[in-house]
Amino acid sequence: MRDIDLSEYDRPDLYDLENGTDQDLDFFLAQARQTGGPVLDIACGTGRIGIPLAREGYQVTGVDLSEPMLVHGRGLAGELPISFLKADCRDFDLRTRFPLVFMTGHGFQNLIRDEDQAALFGCVRRHLAPGGRFVFETRNRDISPLASSCDRKAYRSYRMPNGEWIDCSIKQDYDRKTSCLHYRIWRENRRSGEVWQGSGLLRFPSEGEIRLGLKAAGLEVVSCYGDWGCEAASRTAPERIFVCQLMA
């Protein structure tokens with residue numbers, strides 16, 4: 001299996017400040033209330049969703065490839081009922097089935113090849129309890145600003161807990177034939193001038209490609225939403241959020 005570029009996740013503190021959002025939290029809390037636990041969080045990162053679920057009393061298992069993200073997550077979780085395990089989402093076996101399995105934060109888009117996506121879906125099938133749900137999302141490539149190329153440009157700025165500012169810039173190279181984006185991000189401390197770099201590859205698969213892959217793995221889509229408020233998927237909706245179950 002092809003290695004995944006993890007350099008983007010070497011500074012989990014900065015990553016969380018840039019990408020921290022709770023717009024999907026209510027959605028996953030509602031899913032957990034409907035399915036019950038335990039819960040499997042694939043590509044869990046620092047536990048952005050897993051930790052709030054654990055605070056609600058759900059037993060959560062998070063798996064991720066990035067050791068820095070896992071270490072940071074364990075520190076944030078303290079004594080909450082959540083475990084952080086280092087594992088490749090394409091090849092792991094916890095010997096447990098879960099009523100709720102999810103992969104959020106657009107982690108699915110790190111899987112560039114069809115074989116990688118198929119391997120993930122196979123792992124999900126082995127870990128999903130009968131009647132359970134598997135939820136994941138991808139950006140809508142028709143409107144996502146990331147599905148394009150650009151020279152290095154200012155991206156965003158934010159303040160760290162110590163009061164110092166970080167200025168980010170990004171360069172994007174998007175291949176429309178493969179629907180894949182190679183990006184590089186620079187993060188510069190405004191005071192010290194210190195710079196941290198990260199890069200990655202993202203794929204923007206079509207809804208049809210995803211549905212075919214799920215079907216081949218024995219999974220079926222029961223709902224597809226366009227945003228975290230459960231609006232219907234459409235050409236102009238920002239997300240493709242798939243709620244899946246095992247095929248009968």
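Author: Start at Ala43, which counts as partly exposed because its relative accessibility is 27%. Buried means under 20% relative accessible area, exposed means over 50%, and partly exposed lies in between, with a 1.4 Å probe and protein chains only. This is a predicted model: local features need pLDDT of at least 70, side-chain atom pairs count only at pLDDT 80 or more, and totals for chains, interfaces and linings use all residues. Residues are numbered from 1 along each chain as its sequence is written, and side-chain values use heavy atoms, with hydrogens and water left out.

Ala43 sits in the loop between β1 and α3. Helices (H or I, at least four residues) and strands (E, at least two) are DSSP runs, numbered from the N terminus. Ala43 is not a glycine, yet its phi is positive, about 55 degrees. Most residues other than glycine have a negative phi, and most peptide bonds are trans. Pro38 is in the loop between α2 (25–35) and β1.

Now β1 itself. Strand β1 (residues 39–42) runs parallel to β4, and three bridges join them. Two strands pair if DSSP finds at least two bridges between them. Val39 has Leu100 as its bridge partner in β4. Strand β4 (residues 98–103) is mostly covered, with six of its six residues buried. β4 also pairs with strand β5 (residues 128–139), again in the parallel sense, over five bridges. There, Val101 has Phe134 as its bridge partner in β5. From β4 the chain passes through helix α5 (residues 114–127) to β5, and this β-α-β crossover is right-handed. Right-handed means that, with the strands pointing away from the viewer, the path from the first strand over the helix to the second runs clockwise.

Asp41 lies in strand β1. Which residues does Asp41 touch, not counting residues up to four places away in sequence? They are Gly50, Val60, Thr61, Gly62, Val63 and Phe102. Contact means heavy atoms within 4.5 Å. Asp41 is buried yet has no salt bridge. The nearest side chain of opposite charge is Arg48, 8.1 Å away. Lys and Arg count as positive and Asp and Glu as negative, while His and the chain ends are not counted.

Arg48 has a partner elsewhere. Its side chain meets that of Asp24 in a salt bridge (2.8 Å, N to O). Arg48 lies in the loop between β1 and α3 and Asp24 in the loop between α1 and α2, so the pair ties together parts that are 24 residues apart in sequence. A salt bridge is a side-chain nitrogen of Lys or Arg within 4 Å of a carboxyl oxygen of Asp or Glu. Arg48 is partly exposed, with a relative accessible area of 27%. Asp24 counts as buried, at 3% relative accessibility. By this rule the count comes to 17 salt bridges.

Next, the helices. In helix α1 (residues 12–19), the buried residues are Pro12, Leu14, Tyr15 and Glu18. They are on the same side of α1 because they cover an arc of only 160 degrees around the axis. The arc is that of the directions from the helix axis to the C-beta atoms. These buried residues of α1 pack against α4 (67–77), β6 (150–159), β7 (165–175), β8 (180–189) and β9 (195–203).

Helix α4 answers from its own side. Its buried residues are Met69, Leu70, Gly73 and Ala77. They also share one side of their helix, because their arc around the axis of α4 is only 95 degrees. The buried residues of α4 pack against α1, α3 (50–55), β2 (60–64) and β3 (82–86). Just after α4, Gly78 takes a positive phi of about 60 degrees.

Arg74 is partly exposed, with a relative accessible area of 36%. Glu67 is partly exposed too, at 32%.
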